[in-house]
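Notebook open, structure loaded. I'm jotting things down as I look them up.

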Amino acid sequence: MIQSLLPNIADLHKIEVYEANGGYQALRKALGMKPEEVTDEVKKSNLRGRGGACFPTGLKWTFMPKVTPKPKYLCVNGDESEPGTFKDRQIFESNPHVMIEGIVIACYAMGITTAYLYIRGEYGKWVRMVQKAVDDASAKGYIGQNILGTGFSTQLVVHKGAGAYICGEESALMNSLEGERGYPRVKPPFPAQYGLWGCPTTINNVETLSNVPIIINNGWEWYSKIGAPKHPGPILVGVSGHVNKPGVYEMPTGVPLLEIIYKHAGGVPGNKGIKAVIPGGSSTPILRGDQLEGVCMDADSMKAAGSAVGTAGVIVMDEDTDLIQVIARIAKFYHHESCGQCTPCREGTGWLHKILDRFVRGDGRREDIDLLMDVANNIEGNTICALGDAAAWPVQSMIRRFRDEFEKRVHEAVPAEQVPA
Amino acid sequence: MLSEASLQKIEELKTKYPTTQAMTLPVLWMVQEEHGFISPEAMKYVADLLKVSYGHVFGVVTFYTMYNARKIGKHHIEVCTNVSCMLRGSGKIVEHLEHRLGIKMGETSRDGTWTLSEVECMGSCGTAPMCAVGEEYYENLNPEKVDSVLNKLQ
């Protein structure tokens, strides 16, 4: 019985090995239940989305209309492009069948007959691996027509992106799937009412759906007791930056950040101190090294600390890190990835990038610090999608928590003729 | 413009999507895999094939960073310089590559062998720094490893 996302089993990506270890038993069990019972199980488990927003998955599923003349769709978000995030890649590589099983169960629960799995274009190699797993699962009758003789049918289409961070935003992902530029859509209408080709659609992250077979196998009560009560379950934490053992670690939610860094990731090279940590991918607010005590990897704890779980991509920075260079690089990223639809984001991300580059060169002006804050505040909340917020939060938090770093880089010199007599 | 095998694959794709426009990305991938880049003629071809406008195809090609609207080098080396890679020395990798190949980021060597690009996070943060050449990822790089990658490709 599969009880975790990345169990230590050799060759688990092969369907025979997955089956031998209890794989696809959850699908059999789910197909024997009523669809609404499956949704209820997921709802009661308190599973929350692992793509960054932590939205309750079961609740999201109930938004789908039960009766509709239109086809219904599931989009599986494998666009994984948030800097510091490399967890879905592990699922594609080591345990693709748990994801496929979760997808088919989700389709059954919501009465969906077509699912699209959107994988970022850079993961070409992983697209092939996943396609192989999908073909194997189809050959065994776990996907396709009349699944396991129950009369339920659903198809799974693997769709390769082409290099655009914004396509991880759910409405941009749908536009991209429709063959458009990846422009986010205005909400409402929400995808459950008007999604892909105007039909009811649910979008879930790869890791989220990979949790579903575990819930069905073990029951919601068992699952809801793993980790933090309000945000339970196993979570894949990717640790990168200044640690001895970077990598993806599976653990229950609610594990203290310091335990993740020192116990799992082997601490900081050279036993240096920690200057700062980005806890959940580049868009989550940065934390100071001296405020990590007691901060845990779950939605409530991170919120209380003034940050967010995001995609659980922990980036560790040691005491010698040039944080100005870090924030300038993050700003450059959002400037590059802004789709250009909304003026505050299109222009604002460029301004943030340019001003921060001045600080990198040591040419920052004292008033630039407040100017950065002003630009960030005017992007936040004023755009169609959350990319604007994602660009603003790191800058705001960096200034709030590391203002001294900016002040050190201010260029105080003035031209000779302006020197006061 | 496209091989028989690709045309056959397109027929299969038609059963997977309710519109032909939805096949824009997959078909552009086929063109790029066969020709290395997507020329204006190829865009016109894709537009006719999928019964969408040339403008639509042009818009898509220019939106997504992985589609090449013009010819690039035989080997496309993409180096991630985002935060996780930067913290683990991607700057040195860039410097070394530029020195070895005699070109700067964003340039193609005169003989058409190499194109060097800076890219955003590729999902190799746990094995940083990295570069990709085509679909292949080269991870945990240092200058010596970069040399062996270049020697292998040459």
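Predicted model: local features only at pLDDT ≥ 70, side-chain atom pairs only at ≥ 80, totals over all residues.

Started with B:T24, and wanted to know: buried or exposed? B:T24 has a relative accessible area of 0%, so I put it down as buried, the cut-off being under 20%.

Where does B:T24 sit? I found it in helix 2 of chain B, which covers residues 24-35.

The assignment gives domain 1 as 4-63 and domain 2 as 75-153. Their centres, taken over C-alpha atoms, are 29 Å apart.

Moved on to the nonpolar cores. The largest one has 82 residues, and I asked which members touch the most others. My list reads A:I166, A:M317, A:L372, A:F406, B:Y64 and B:Y67. Helix 13 of chain A (residues 323-337) supplies the largest share of this core, with nine residues. There's a second, separate core too, with 70 residues, among them A:L27, A:C107, A:A109 and A:V127.

Leaving out residues up to four places away in sequence, I got contacts with A:H242, A:I286, A:L323 and A:V326, the run A:I274, A:K275, A:A276, A:V277 and A:I278, and B:L87 over in chain B.

Note on methods
Residues numbered from 1 in each chain as written. Chains lettered and ligands numbered in written order. Heavy atoms only, no water. Core = buried A, V, L, I, M, F, W, Y, C linked by side-chain atoms within 4.5 Å. Buried < 20%, exposed > 50% of the residue type's maximum accessible area, 1.4 Å probe, protein only. Helix = DSSP H or I, 4+ residues; strand = E, 2+ residues; numbered from the N terminus. Contact = heavy atoms within 4.5 Å. Domains from an automatic or database assignment.
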